[in-house]
Amino acid sequence: MSARVTGKPHLLSAAPRPAAEWHGVLGALDDAVFVKDEQFRFIYANPACCRILGRPLDRLVGLVDADFVSADDAARYREHDAAVLADGQAQTSLSVFTDAA
């Protein structure tokens, strides 16, 4: 299955914070927003991101990209995420991915 991401995914921070801090503001955005920890696991995704990824938040938290996209896409996303963690700067990107199944 292929999905075109029309929103702009954002990696905000690797620092864990209570999801309640993000729900109000980020939940209202049309763009897909997600937060990952230092092991590249999802710790938060707003409703737009959950819709794009086809999973509710409670089934997304703890997963890594390889759990739902192709190995090539997951490697590319991890490289991008590692760069964000290395320099601490949020980045905006447009992504097209293929379901891992």
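Me: Is Phe-42 buried or exposed?
Reply: Phe-42 is buried, with a relative accessible area of 3%. Buried means under 20% relative accessible area, exposed means over 50%, and partly exposed is in between (1.4 Å probe, protein chains only).

Me: Where do these numbers come from?
Reply: This is a predicted model: local features need pLDDT of at least 70, side-chain atom pairs count only at pLDDT 80 or more, and totals for chains, interfaces and linings use all residues. Residues are numbered from 1 along each chain as its sequence is written, and side-chain values use heavy atoms, leaving out hydrogens and water.

Me: How many aromatic pairs are there?
Reply: Two. Rings of Phe, Tyr and Trp (its six-membered ring) pair if their centres lie within 6.5 Å; planes under 30 degrees apart count as stacked, over 60 as edge-to-face and the rest as tilted. Phe-42 and Phe-68 make a tilted pair, 5.6 Å centre to centre with 45° between the planes.

Me: Which parts does that pair tie together?
Reply: Phe-42 is in strand β4 (residues 42-45) and Phe-68 is in the loop between α2 (47-53) and α3 (71-87), so the pair links parts 26 residues apart in sequence. Helices (H or I, at least four residues) and strands (E, at least two) are DSSP runs, numbered from the N terminus.

Me: And Phe-68, buried or exposed?
Reply: Phe-68 is buried, at 4% relative accessible area. Phe-34, Phe-42 and Phe-68 form one aromatic cluster.

Me: New topic. What pattern does the protein follow along the sequence?
Reply: The pattern is β-β-α-β-β-α-α-β, with three helices and five strands.
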